[in-house]
Amino acid sequence: MIKRRVFYSFHYAADSWRAATVRNIGVVEGNRPATDNEWETVKRGGDAAIRRWIDGQLRFRSCTLVLVGSATAGRPWINYEINKSWKEGMGLAGIRIHGLRDRDGRVSPRGRNPFRHLPVQNHRDLASVIRCHDPLGSTSKQRYAWIEANLAAIVDEAIRIRARYQ
């Protein structure tokens with residue numbers, strides 16, 4: 001199996017622990033996560049620095065996976081990453097991670113679809129094109145196992161879907 005190069009988009013403050021568990025699956029090659037210190041340095045540079053950092057992280061990636069937590073949808077930088085990925089011709093998919101436990105053992109409420117209300121073409125939004133997967137299972141362990149079993153297929157499907165809209 002060929003490893004796909006993936007950019008992971010997520011709400012850092014709320015979901016970095018959950019995102020790390022997904023990244024650690026290792027089925028696809030992901031971007032190196034920024035440490036807290038690196039991210040703080042980038043943020044101090046303002047919007048232009050953040051945009052440059054995101055653009056650099058997106059380079060040479062074939063797909064963006066939005067890890068959807070309770071507060072992911074509508075965040076300006078998440079929207080930027082989604083829109084930039086689409087414009088660059090990358091595959092896009094969402095995976096809901098609200099059911100995974102955080103470092104304190106808590107799960108969070110289900111968040112809105114981040115692709116809704118982002119225009120794509122013909123007056124439709126990306127949610128009509130891009131899948132936002134809700135892992136099966138009633139426990140964090142079951143949901144994690146579902147993500148692990150399906151991650152590579154989700155990435156491949158996202159790339160195929162995007163190819164239809166080139």
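The exercises that follow concern nonpolar packing and aromatic rings in a predicted model.

**Exercise 1.** Identify the residues that touch the most other members of the largest nonpolar core, and trace which elements supply this core.

*Solution.* Begin with the membership: the largest nonpolar core holds 21 residues, among which Tyr8, Val22, Leu65 and Leu67 touch the most other members. Next, assign the core to elements: two or more residues come from each of β1 (5-9), α1 (12-23), β3 (63-68), β4 (91-96) and α5 (140-163), and the largest share, 7 residues, belongs to α5. Then take leucine 67 in detail, whose contacts, once neighbours within four places in sequence are set aside, are Tyr8, Ser9, Phe10, Ala19, Val22, Thr72, Ile95 and Ile97. Finally, keep apart a second, separate core of 14 residues, which includes Ile78, Leu92, Leu126 and Val129.

**Exercise 2.** Classify the ring pair of tryptophan 86 and tyrosine 165 from its geometry, and describe the surroundings of tryptophan 86.

*Solution.* The whole structure contains 3 aromatic pairs. For the pair in question, the ring centres lie 5.8 Å apart and the planes meet at 50 degrees, which falls between the limits of 30 and 60 degrees, so the pair is tilted. Turning to accessibility, tryptophan 86 is buried at a relative accessible area of 10%, whereas tyrosine 165, at 24%, counts as partly exposed.

How values were computed. Residues numbered from 1 in each chain as written. Predicted model: local features only at pLDDT ≥ 70, side-chain atom pairs only at ≥ 80, totals over all residues. Heavy atoms only, no water. Core = buried A, V, L, I, M, F, W, Y, C linked by side-chain atoms within 4.5 Å. Buried < 20%, exposed > 50% of the residue type's maximum accessible area, 1.4 Å probe, protein only. Helix = DSSP H or I, 4+ residues; strand = E, 2+ residues; numbered from the N terminus. Contact = heavy atoms within 4.5 Å. Phe/Tyr/Trp six-rings, centres within 6.5 Å; stacked < 30°, edge-to-face > 60°. Lys NZ or Arg CZ within 6 Å of the ring centre and 35° of its normal.
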